[in-house]
There are 2 protein chains.
Amino acid sequence: MFKRVVIMGVGLIGGSLALALKSRGLVKEIVGISRSPDTLALAQQRGVIDHGSTALDQQSIDQADLVFVATPLGAFPAVFSQLATLTLPENLIITDGGSAKGYVIEQAQKAFGVVPPRLVPGHPIAGKELSGVGAAEASLYEDHRVILTPVDETDTAATETVEQMWKSVGACVEIMRPQYHDEVFAATSHLPHLLAYLLVDLLNDHPELGNVFKYTAGGFRDFTRIASSDPVMWRDIAEANAPAIAKWLKNYRQELDRMIEAVERHDQSALHELFSAAKTARDQHIVKKS
Amino acid sequence: MFKRVVIMGVGLIGGSLALALKSRGLVKEIVGISRSPDTLALAQQRGVIDHGSTALDQQSIDQADLVFVATPLGAFPAVFSQLATLTLPENLIITDGGSAKGYVIEQAQKAFGVVPPRLVPGHPIAGKELSGVGAAEASLYEDHRVILTPVDETDTAATETVEQMWKSVGACVEIMRPQYHDEVFAATSHLPHLLAYLLVDLLNDHPELGNVFKYTAGGFRDFTRIASSDPVMWRDIAEANAPAIAKWLKNYRQELDRMIEAVERHDQSALHELFSAAKTARDQHIVKKS
């Protein structure tokens, strides 16, 4: 399928795609780019990449047919600027794994002057709280969703190739507008991550209560699992999708106000309705799915 | 250890204690009390109880040495009132599994006129999102914490017997003041449950986005697992521990306001600090524990 794939940012997301492509014989050669020589050494040792480099040069890109940008979002401006200084092969496809698509498209436009036609913005929905190339696995994308958000400028054939690639490693691909993507993931992913971080911080900030964490049970552990996610990744997402995230935090705050009011005026029927509706929705949409 | 144990409310919590005591040979006979004949039939079929009744009578209580109240908190006033109409054997111990201890003690005082010396208020920390006697299991309390909150009036020997009982079924027992219990569990259990319900409701209330639940991943499923808990149970907890819960919801709202502000003013270092502190605390206190 590919002669040479360049992975920019060899972590969980980039490393898992590399392993998935290699294990299925879909790529001849993987070049990994990372600022950290330790990461490159570990990636090579685990068989994730064939060659590693701390910076991308013209020679590496000459032979490449795909670049997968899988750094934290904060590094995208630098990555795109670096790519823009090189002469890219005519058929080279650039795709990525960033969680905020409007931002990725905007940064590409800034670096290249236009949105590159062979940039296919993407977002594999397959995070876990572990990060780094040590956590990468060939099966990460199997039965997971990958969202692609091509824009008007995007080359249809490039989108099809990227779609094909993700399907080949077991993912279900869905195409949507970048704005819709950013709205939906602000609500379903970014919001809960921020809420989970907030709860752990809140409990951590009350030393007068003693170590309350020892009284937490399985529910708390599950609720806060995502608060063990990579802080840099989430700082960057909060920055890159700030307007949609702020909007959903405020939506949540409004509901929280209503709940506080219901608790304080002992409105048992309002609370029962709220809890029942949530249980019904979750049991229907989430439990069924899992 | 016991001749006859009466379980008031034969669900996950009551049924699991019954199974735990029976499987270890610690009780001769279990009497289950439930308003629902179906529940009693299922409990008998599963071997959870030996006899069942839809109401407690004098004859059943005459032979009992322990009553375990495991109904939702909203039924406690009726249960205590019923018990107060009976002549209780001198050595009968009453204990319970309610999640709000101040409320339980207050309701007992209302029904009996005084806090009964042989009432040992308790709270096993062993919920799961499944409820009902069908989910009961003998091992539920193994390696789980049970909090006992005796007050000045409480008979020390009664507390020791209840402590011994929980230890015998594998639990770790801790004694604390009821007020401290209610504060800590408002923060570590009641707050996250309400936050999880709220998130599912919020996403459910935006039909203009389509069914966004299909884009949720494992993190969302875990975060909201507790939103599949029994709505009646949680309505009652929200009522019974309302002041502490309202306080912690407001504490959370205050942190949420700070986060919204940080996202809107693009304060990346504040967000990074917040996320890092949470990850560090969780990795230290929760991951280590599990």
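Student: Which residue of chain B does the side chain of Lys214(A) meet in a salt bridge?

Tutor: Keep in mind that this is a predicted model. The rule asks for a Lys or Arg side-chain nitrogen within 4 Å of a carboxyl oxygen of Asp or Glu. Here the N to O distance is 3.9 Å, so by that cut-off the pair counts. The partner of Lys214(A) is Glu174(B).

Student: How many salt bridges does the rule find across the interface of chain A and chain B?

Tutor: Let's set the interface beside the whole structure. Over all chains, the structure holds 39 salt bridges. Across the interface of chain A and chain B, the rule finds 8.

Student: And which element gives the most to the side of chain A that touches chain B?

Tutor: Start with the polar contacts: 30 residue pairs between chain A and chain B are counted, both residues being at pLDDT 80 or more. On the chain A side, the elements giving two or more residues are strand 8 (145-148), helix 7 (178-204), helix 8 (218-223), helix 9 (231-240), helix 10 (242-264) and helix 11 (268-287). With 19 residues, the one that gives the most is helix 7 of chain A.

Student: How many residues on that side of chain A are nonpolar?

Tutor: Chain A puts 87 residues in contact with 87 residues of chain B. By class, the chain A side has 17 polar and 21 charged residues, and its nonpolar residues number 49.

Student: What share of the area buried between chain A and chain B comes from carbon and sulfur atoms?

Tutor: The size of an interface is often quoted as the accessible area lost when the parts come together. For chain A and chain B, that area is about 8,600 Å². Carbon and sulfur atoms give 68%.

Student: Now inside one chain: how far apart are the centres of domain 1 and domain 2 of chain A?

Tutor: Chain A is divided into domain 1 (2-176) and domain 2 (180-287). Between them, 16 residues of domain 1 are in contact with 15 residues of domain 2. Taken over C-alpha atoms, their centres are separated by 31 Å.

Student: Which helix gives the most to the side of domain 1 of chain A that touches domain 2 of chain A?

Tutor: The area buried between these domains of chain A is about 1,200 Å². The count there is 0 salt bridges, with 4 residue pairs in polar contact. On the domain 1 side, the top contributor gives 3 residues, and that's helix 5 (residues 101-112) of chain A.

Student: How many residues apart in sequence are the parts that Glu142(A) and Arg24(A) tie together?

Tutor: Glu142(A) and Arg24(A) form a salt bridge, with their closest N and O atoms 2.8 Å apart. Glu142(A) sits in the loop between strand 7 (122-124) and strand 8 of chain A, and Arg24(A) in the loop between helix 1 (12-23) and strand 2 (27-33), so the pair links parts whose separation in sequence is 118 residues.

Note on methods. Residues are numbered from 1 along each chain as its sequence is written. Chains are lettered from A and ligands numbered from 1 in the order in which they are written. This is a predicted model: local features need pLDDT of at least 70, side-chain atom pairs count only at pLDDT 80 or more; totals for chains, interfaces and linings use all residues. Side-chain values use heavy atoms; hydrogens and water are left out. Contact means heavy atoms within 4.5 Å. Buried area is the accessible area (1.4 Å probe) that two parts lose on being put together, summed over both. A polar contact is a pair of N or O atoms within 3.5 Å; within protein, one must be able to donate a hydrogen and the other to accept it, and residues adjacent in sequence count only if both atoms are side-chain atoms. Helices (H or I, at least four residues) and strands (E, at least two) are DSSP runs, numbered from the N terminus. Ala, Val, Leu, Ile, Met, Phe, Trp, Tyr, Cys and Pro count as nonpolar, Asp, Glu, Lys and Arg as charged, and the others, Gly among them, as polar. Domain bounds come from an automatic or database domain assignment.
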